[in-house]
Amino acid sequence: MSVEIETELTRNAATAGADGVEDGAAIAPTWRILVVDDDPDVLEATEFALRHTTILGRSLEVVYARSEEEALAAMVRYADVAVAFIDVVMETPDAGLELVRKLRELGYDELRIVLRTGYPGYAPELSVITHYEIDDYRTKDELTRVRLISVLTAAIRAYDQLRTLSRSRQGLQMVIDSSTQLFKRTNMEVFSQGVLAQVGALMRTHSSGFVCVEGRKTTNQVIVSAMGDFAPLIGKEIDALPAEIRSLIAAARQQSEPLFRDGYMVLLFTSESGSKLCAVLQARAGREDADLDLLRVFCTNISIAFENLALTEEMNRLAFTDPIVGIPNASAFEAGLAREIASDGAGKRVAMITLSGFPSTIATYGAQMANRLLREVYGRISELMGAATVTLIGRGTFGVIAPRETLVPDLVTRTFATPYLIDEIEFMPTATTAIVELSDLPEDPVDALRMATTALVHVRQSRPNEVVICGPEMQREMERKQALQIALKQALNSKTGLEVYLQPIVELTSGRVVAAEALSRWRFGGELVSPEEFIPIAEAAGLTRALTGLVLEQIVAWRESGGDGFDAIPVAVNLSMADLNRPGFAAWTLQEIAELGLKPDDIRFEVTEGVAMEDAARAAEEIETLHSAGYRIAMDDFGTGYSSLRQFSLLPIDILKIDRSFVDTLEVHSARRSLAAIILTMTEALGVDCVAEGIETEEQREALLFLGCRLGQGYLFGHPTPIDQFNATFGRQVSI
Ligand code: C2E
Ligand code: CA
Ligand code: CA
């Protein structure tokens, strides 16, 4: 079949070649249709559907083009193309739209255009209809043969009328201008105003009139725009109109032609989806004076524009409402943000409110009940906030835009202060709320939503169940955190940018290097991000296990590369809180260690006191598993946080590291009265080893020696050093 189309194309081309440009002015015995599509199957199907078809007494002559270029060539060749079916997606996703733009720019105003697309209801493309003068917009599936022919008939009729009227240039120009303008309207009110103005101009009357619209689902007609005597009736139902006007509308419903009676003209349009638009104008002129043909063409064009508008409005309604809960959705929130941002949004705030434990509400009470709760919460927020945009942007999460005065923590708190009663069940939901100034958000609504969401995530992590106003510093912090988190994930995946440094741990008397501590470094961009900053990020993102894995691997590589046996010293690996609170971490680590060929003498682990506090029993279990496999455990940063001796009975501690803050202030003469002295006495009693951290001065070393501390670590002996330079830098001993 595709061969046949090939022939058809060739034949058309051949005809044109022989005859040159055909005379468009001559009355063709056929309607010439241009089908532009790059899919041979569609061409074939269209040809099949249109075969032997006659429209308004004439047969069809179909010309095919498979690209924008071919289509433009065909238009030049045949001056009388009546209707073009254009595929939106061809060489590029918008080649079809580009073609429409070019055709209109080249002045093919009479050509009727029907856009076709393979994808149904693709909302952004609908905006196209409002920008270009397009007669119809259909998905390919929709265009059954009957539909195709009816669409074609309407388009040909419009084309024919435009052609017939081509001598009345002025009027025609007006019709085209007006309908093109009407196509640009995107809301019913503005559209109606346009209709009124255009019809008025067409009838050369500037007196009174109004437009009323009847919705698809309702029967009451509302006056959406009005001028002159009718102006006060805007927003009212047609019942408010005098009886004789109402009877005019009723009469107009009975006929398809414009109605002229009693000094009024009535035009009625019905969209395919059932919405009706009725324009009533005072017209001194009677039917006989009116340029009826012109008016008809105008009506045809308005009908199409109206249909598209009705369709757009319906699509908008569907697109902006959560289909299950029935309240405005994330798109509505984005649209609200866009609106506010466009109108400068001064004095507005955005709140993200998320119900805590919403999934378990669904699990306990079922989705239906949970959705009712959402509706109730929505209702209460809307009521308390007054003129606000309230939307459901995710399961259990609301996005609110409201004036700064209304959107205050107290109001949010009040939303959840009293229980919600649903089917006799009392719900007392708690929520976490992040409030952001609209002016602090990025200009792009999508970015704005992302940023607001990030704020919510941040608050949920740092201050759950609170209402927090997030200022610009918090935002910057969050943004950096987020950027770092993404980059860190990539760094760990690709194992690039993360390096292990070793810092020597020495015997305080001799300076002999007895161990080393592995400290991670991250080179990100040109910056060296401190572990103080990236470890918490890794913890929040669940990346610490990967980090620990990487540290272990680099230690193994270092051990394998060392030749003089110096690398045989044990290396302390820091474990994070997040690691130890995850069940199975120890088992995973032991397996990793076994695969890497590491033994208990090669490494040991440092844990912080905080670890033990978070979920003492779980962490203790994990630590116990490592310990019973033979690995020594050091308690890091001892003396900070919640130090308590109790931890020694809970955890299998072998080494205690005295925090830098106790070493900082040490002086030989007062050493005996220092906190470090107490800690050292204690470790002696418990029989655990002790390492003093952060030794920077000779005086500190001496004070520690005086207190009986054997081991230490600090800049006095050596800074953390890239692992591959460690051996060369420290040899077997550091000079003291
Ligand atoms: P930490 O375990 O207490 O490590 C000691 C910190 O003190 C290191 O900071 C080290 O560079 C610094 N330091 C050593 N000697 C001196 C000194 O004489 N004076 C001063 N002022 N500081 C000294 P760093 O490398 O910035 O690491 C910070 C923290 O990040 C570490 O504290 C550790 O808790 C964590 N960390 C580092 N690497 C890793 C890792 O691979 N995994 C995990 N989970 N945490 C790590
Ligand atoms: Ca440490
Ligand atoms: Ca420490």
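Trainee: How many Å apart are the calcium ion (ligand 3) and the calcium ion (ligand 2), and which residue coordinates both?

Mentor: The two calcium ions, ligand 3 and ligand 2, are 4.0 Å apart, and Asp 636 coordinates both. Keep in mind that this is a predicted model.

Trainee: Which strands do Glu 517 and Asp 636 come from?

Mentor: Glu 517 is in strand 20 (residues 513-524) and Asp 636 is in strand 24 (residues 633-638), so that pair ties together parts 119 residues apart in sequence.

Trainee: How accessible are Glu 517 and Asp 636?

Mentor: Glu 517 is buried, with a relative accessible area of 4%. Asp 636 counts as buried too, at 6% relative accessibility.

Trainee: Moving on to ligand 1. How many residues surround it, and which are the closest?

Mentor: There are 23 residues around ligand 1, and the closest are Gln 503, Ser 520, Asp 636, Glu 696 and Tyr 715. Asp 636 turns up again there, as the residue that bridges the two calcium ions.

Trainee: Where does ligand 1 sit?

Mentor: In the largest pocket. The elements that give two or more residues to the shell around ligand 1 are strand 20, helix 17 (531-540), helix 18 (544-561) and strand 24.

Trainee: Which element gives the most to that shell?

Mentor: Strand 20, with four residues.

Trainee: What about polar side-chain atoms close to the oxygens of ligand 1? Start with Ser 520.

Mentor: Ser 520 has a polar side-chain atom 2.5 Å from an oxygen atom of ligand 1. For Asn 574, a side-chain N or O atom is 3.1 Å from a ligand 1 oxygen. Glu 693 has a polar side-chain atom 3.3 Å from an oxygen atom of ligand 1.

Trainee: And how much of ligand 1 does the protein bury?

Mentor: Taken alone, ligand 1 exposes 800 Å², and the protein buries 86% of that.

Trainee: Helix 17 came up in the shell. Which proline lies in it?

Mentor: Pro 536 lies in helix 17. Pro 536 is partly exposed, with a relative accessible area of 41%. The C-alpha atoms of Pro 536 and Ala 578 are separated by 9.1 Å, and these residues are 42 apart along the chain.

Trainee: Change of topic: backbone angles. What's the phi of Asp 262?

Mentor: Positive, about 50°, although Asp 262 is not a glycine. Asp 262 lies in the loop between strand 9 (259-261) and strand 10 (264-270), and Asp 262 is exposed, at 60% relative accessible area.

Trainee: And Glu 424, where is that and what's its phi?

Mentor: Glu 424 is in the loop between strand 15 (420-422) and strand 16 (425-427). Phi of Glu 424 is near 70°, again a positive value in a residue other than glycine. Glu 424 is exposed, with a relative accessible area of 76%.

Trainee: Last one: what does the side chain of Ser 67 reach?

Mentor: The backbone nitrogen of Glu 70, at 3.2 Å. Ser 67 is in the loop between strand 3 (58-65) and helix 3 (68-77), and Ser 67 counts as buried, at 15% relative accessibility.

Note on methods:
Residues are numbered from 1 along each chain as its sequence is written. Chains are lettered from A and ligands numbered from 1 in the order in which they are written. This is a predicted model: local features need pLDDT of at least 70, side-chain atom pairs count only at pLDDT 80 or more; totals for chains, interfaces and linings use all residues. Side-chain values use heavy atoms; hydrogens and water are left out. Donors are N, O and S atoms within 2.8 Å of the metal (3.2 Å for Na, K and Ca); water is not among the atoms, so sites may look incomplete. Buried means under 20% relative accessible area, exposed over 50%, partly exposed in between (1.4 Å probe, protein chains only). A residue is near a molecule or strand if one of its heavy atoms lies within 4 Å of it. A polar contact is a pair of N or O atoms within 3.5 Å; within protein, one must be able to donate a hydrogen and the other to accept it, and residues adjacent in sequence count only if both atoms are side-chain atoms. Accessible areas come from the Shrake-Rupley method with a 1.4 Å probe; for residues, only the protein chains shown count as cover. On a 1 Å grid over the protein atoms alone, a cavity is a set of points where a 1.4 Å probe fits but cannot get out, and a pocket is an open set with protein on both sides within 12 Å along at least five of seven lines; lining residues have an atom within 4 Å of a point. A molecule sits in a cavity or pocket if more than half of its atoms lie within 2 Å of its grid points.
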